[in-house]
Amino acid sequence: MMHAVSLQAHFDGQQILLDEPFELESDTKLIVTVLSKQKKMDEEREGWLLLSRKGLEKAYDNEEVEYTLDMIKRANPDYDKRS
């Protein structure tokens with residue numbers, strides 16, 4: 001019995017081709033997952049990044065005060081200091 005294996009492959013317009021050699025017996029059952037093209041994923045990611053940036057722009061003004069440690073009135077004892 002063969003264990004499940006994930007393999008990289010692509011469709012050349014006529015057939016599905018494995019990207020690396022792998023020995024398959026005749027009538028081996030396969031599950032094929034179709035992934036969207038990278039360009040589509042990059043466009044979607046860009047959209048989310050733009051939405052995130054716009055949210056931050058609304059939250060912080062260009063003239064926002066730069067807060068320094070000496071402006072803190074009461075330190076948070078649970079804050080994990082990072083250098």
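Me: Starting with E57, how exposed is that residue, in relative accessible area?
Reply: In this predicted model, E57 has a relative accessible area of 48%, and residues count as partly exposed when they fall between buried (under 20%) and exposed (over 50%), judged with a 1.4 Å probe and protein chains only. E57 therefore belongs to the partly exposed group.

Me: Which residue does E57 form a salt bridge with?
Reply: The partner of E57 is R53, and the closest N and O atoms of the two are 3.7 Å apart. The term salt bridge covers a side-chain nitrogen of Lys or Arg within 4 Å of a carboxyl oxygen of Asp or Glu. Side chains of opposite charge can pair when their charged atoms come close.

Me: And where do E57 and R53 sit in helix 1?
Reply: They are four residues apart in helix 1, which covers residues 38-59, so about one helical turn separates them. R53 is partly exposed as well, with a relative accessible area of 47%.

Me: How many salt bridges does a search of the whole structure find?
Reply: The search finds one salt bridge.

Me: What should I know about the numbering and the model?
Reply: Residues are numbered from 1 along each chain as its sequence is written. Because the model is predicted, local features need pLDDT of at least 70 and side-chain atom pairs count only at pLDDT 80 or more, while totals for chains, interfaces and linings use all residues, and side-chain values use heavy atoms, with hydrogens and water left out.

Me: Stepping back, how many helices and strands are there in the protein?
Reply: The protein has one helix and two strands, and read from the N terminus the elements run β-β-α. These elements are DSSP runs numbered from the N terminus, with helices (H or I) of at least four residues and strands (E) of at least two.

Me: What percentage of the 83 residues counts as buried?
Reply: The figure is 0% of the 83 residues. The accessible surface of the protein comes to about 9500 Å² (Shrake-Rupley method, 1.4 Å probe), and 53% of that surface belongs to carbon and sulfur atoms.

Me: Which residues form the nonpolar patch on the surface?
Reply: The patch is formed by V5, L7, F11, I16, L18, F22, L24, L30, V32 and V34, which together have about 960 Å² of accessible area. Members of a patch have over 30% relative accessible area and no salt bridge, with nonpolar side chains joined within 5 Å and like charges within 9 Å.

Me: Where do L7 and I16 lie?
Reply: L7 lies in the segment before strand 1 and counts as partly exposed at 39% relative accessibility. I16 has its place in strand 2 and is exposed, with a relative accessible area of 52%.

Me: What separates the C-alpha atoms of I16 and V32?
Reply: Those two C-alpha atoms are separated by 9.5 Å, and the residues are 16 apart along the chain.

Me: Changing topic, what phi does D27 have?
Reply: D27 has a positive phi of about 65 degrees, although D27 is not a glycine. Most residues other than glycine have a negative phi.

Me: Where is D27 found?
Reply: D27 is in the loop between strand 2 and helix 1, and the residue is exposed there, with a relative accessible area of 76%.
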